[in-house]
Structure formats: structure tokens, C-alpha cells
Amino acid sequence: MDLKLELIMLPVSDVDRAKAFYEAAGFRLDVDKAVSEEWRAVHFTPPGSEGSIMFGTGITSAAPGSAQGLYLVVSDIEEARAELVGRGIEVSEVFHDAGGLIYHGHDGGDIVHRAAGQARIAGPQPARADYGSFATFSDPDGNGWVLQEVKKRAPGR
């Protein structure tokens, strides 16, 4: 049985501000539907992705900004970072870690480094190994995204 992740709900405090952010980031707007002042759904898809995000009014009880560690896989970390920065998105510098850690949570990737005793190092992973280079950014509410460079996915992915 295939189980494909389709949609992530993002908790936001200001729907129009979040919509403007994701449009600026280059995500494709799929739906913006309101049935009342108490319920509105805005659906976006990142470029090249089969999975999407949704936020709005009356669609989640999660605290705004509480979604963390949302990964976007890119084939060239420096190019992806430059494009987002060119679109006005504040993105961390590219980094990797000394011990090969591949999950970085958020807070600029620092949370997991501290907990695992790893050292965050500026710049891409020296050999540009898949799953080894990162950059982070947040939406206006603090929902945390991680860019991860992957040129060749692991088998079965």
C-alpha cells in the first residue's frame, strides 16, 4: 500500500500576510476559499512538489508558528537559497554539520545540534554529499522550514 503525504496544515495568525509570504516564496496558489468569516482555507504547493500546505481561519487549533522542521528538498542548495533571497525571503546561510547529522529541526538548525552535541559548520557539506547541506527560513508566524540538498534520493524514495 502506498501512503503519500498530501497536505501539511500550517497554523498562522494572519491569513493574508501568510498568503503574501508564500506567494513571494514562489509557491503556487491552488485554492483560496472562504465560506464565512470563521472559515477560510488557503492551499499552496511548493514548486515541483507533490505535497502541499494549507492554512486559514478555523481549520486548525495549533498555535501559530508551531509547525517546525518542514523540509523542502532541493537539488542545489546555494541556487535555491539565492532564489528565495532574491524573492525577499530571509534565509540562513548554507550550513552542514561536523558529524553528518541529517535532521535539523529549526531555530536555524541549532536545536538539534545542541541536543546531539554536533557542531554546525558554515557552508555546504564539503563533498556535497546528498542530505548533507542545509539552509533554514521561517514564515511570518515562525513556522520553520529547512532546505536540504539532495541530488540523488535514497533507494525507494
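**Close-up views of helix H1 and its sheet**

**View 1. The start of H1.** At the start of H1 (residues 15-24), a side-chain oxygen of aspartate 14 comes to within 3.2 Å of the backbone nitrogen of aspartate 16. Helices are DSSP runs of H or I with at least four residues, strands are runs of E with at least two, and both are numbered from the N terminus. This is a predicted model, in which local features need pLDDT of at least 70, side-chain atom pairs count only at pLDDT 80 or more, and totals for chains, interfaces and linings use all residues. Residues are numbered from 1 along each chain as its sequence is written, and side-chain values use heavy atoms, with hydrogens and water left out.

View 2. Contact means heavy atoms within 4.5 Å.

**View 3. The open sheet.** Four strands line up in the order E1-E4-E3-E2, with mixed pairing. Strands E1 (7-9) and E2 (28-36) are the edges, and each pairs on one side only. Two strands pair if DSSP finds at least two bridges between them.

**View 4. E3 beside E4.** E3 (residues 39-45) and E4 (residues 52-57) run antiparallel, joined by five bridges. Valine 42 stands opposite phenylalanine 55 in E4.

Technical notes. Axes are lines fitted to C-alpha atoms, for helices over the stretch in contact, and angles run from 0 to 180 degrees between N-to-C directions. A polar contact is a pair of N or O atoms within 3.5 Å; within protein, one must be able to donate a hydrogen and the other to accept it, and residues adjacent in sequence count only if both atoms are side-chain atoms.
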